[in-house]
Amino acid sequence: MGEDTDTTPTLNHRGFLPDHNYVTEADIISTVEFNHTGELLATGDKGGRVVIFQREPESKSEPFSQGEYNVYSTFQSHEPEFDYLKSLEIEEKINKIRWLPQQNAAHFLLSTNDKTIKLWKVSERDKRPEGYNLKDEEGRIKDITTVTSLQVPVLKPMDLMVEVSPRRVFANAHTYHVNSISVNSDYETYMSADDLRINLWHLDITDRSFNIVDIKPANMEDLTEVITAAEFHPHHCNLFVYSSSKGTLRLCDMREAALCDKHSKLFEEPEDPSARSFFSEIISSVSDVKFSHSGRYLLTRDYLTAKVWDLNMESKPLETYQVHDYLRSKLCSLYENDCIFDKFECAWNGSDSVIMTGAYNNFFRMFDRNTKRDVTLEASRESSKPRAVLKPRRVCAAGGKRRKDDISVDSLDFTKKILHTAWHPTENIIAIAATNNLYIFQDKLNSEMH
């Protein structure tokens, strides 16, 4: 991110999803994703809804001002279901959304809940046909005997309408909960991952998929780890990576074998025996993995840290960033209230020079890989006025020396957590999901440089 002072650049707010005085479970945002151009931004929630925001074009009165994101379309993607064979309820919650690169005027996106993946087409209509020969204006079929002359139907302008229609439903392929979907760079296939298996799908074929990873042991009592996230390489269609609850990353090459149970590379950091505790395995579980845009690096997030790995170095991460190390002394209480199992996501900026991830108290962290500077910012109603500049926040560890405006680790609100974040593919615009609110921030310098 560009900067002209000795601090990580501040961001100013560009719009947010209006807050409510109460939060229903269904309104909680569960995923956020920009499309490949950044013109559209999709969010999914626990109620199975998908809301798409579109960036408004620059206004003529302010030619250098950046367009804001406004609601473009809202639709119900998934409904609650019941598996009668297993007597299990299947939640409607949207776990992941992934956009397909745009090939024509329409947009396509994949959305998934725990079991079923759907392909949606989002298109616009601003004209309607008129002057049918065999239908009247109400759409009723005419009596052919009354048709005495033929006319050529014409297209008449109408108010813009955004239509969302389901094009494919990919079901019945996952026994366990789907945690990841990833579109391949060949734009023809995608993969879906659950706790124990990864399946490869063709976007046109819904009735079968190929199982490419299966870590389920013959005896479930021998189970020692589960798959937590998976993603295709951005440029090489044969490569993908998946992370595990043991903190390992496995890079697989589909050219080597049809079933990729044997990885090509294993990325694992050796454990420090002196730092081992009851919580070591829980906090080392990788909650998210993302390839850099260049395809050279991997970004992972575990409970306390974000790590950058070089694909050419498996022995240890290239960089390790402490997200909220002040929580190390609080692990016992975080285990008791289940927060230790929270799954934080991470994101790269467009040039792979800055990484971002969420924390508690509606804080999110940004780390500049070049300058090694970092900043803690807060997504809150106080900072949600247009053009309000975000002030860096600082958390003081228990027993530490407090400065003015510091927040004590004991006063953090663990119910306010930022799990889902997204970064515009080319610009310094970020989307932050904080419970039922979507905050969109933009680099202050970004608009000044135009």
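Predicted model: local features only at pLDDT ≥ 70, side-chain atom pairs only at ≥ 80, totals over all residues.
| Aromatic pair | Geometry | Centre to centre | Angle between planes |
|---|---|---|---|
| Phenylalanine 278 and phenylalanine 279 | edge-to-face | 5.1 Å | 80° |
| Tyrosine 360 and phenylalanine 414 | edge-to-face | 5.0 Å | 70° |

In the pair of phenylalanine 278 and phenylalanine 279, phenylalanine 278 counts as exposed because its relative accessibility is 59%, which is over 50%, whereas phenylalanine 279 is buried, with a relative accessible area of 13%. Ring pairs also join Phe278 and Phe279 with Tyr335 and Phe341 in a cluster.

The pair of tyrosine 360 and phenylalanine 414 links distant parts of the chain, its two residues being 54 residues apart. Tyrosine 360 sits in the loop between strand S25 (354-358) and strand S26 (363-368), while phenylalanine 414 sits in the loop between strand S29 (407-408) and strand S30 (420-423). Tyrosine 360 is buried, with a relative accessible area of 2%, and phenylalanine 414 is likewise buried, with a relative accessible area of 17%; both assignments follow because buried means under 20% relative accessible area.

A contact between a charge and a ring is also found: arginine 369 lies over the face of tyrosine 297, at 4.7 Å from the ring centre.

Terms used
Residues numbered from 1 in each chain as written. Heavy atoms only, no water. Phe/Tyr/Trp six-rings, centres within 6.5 Å; stacked < 30°, edge-to-face > 60°. Buried < 20%, exposed > 50% of the residue type's maximum accessible area, 1.4 Å probe, protein only. Helix = DSSP H or I, 4+ residues; strand = E, 2+ residues; numbered from the N terminus. Lys NZ or Arg CZ within 6 Å of the ring centre and 35° of its normal.
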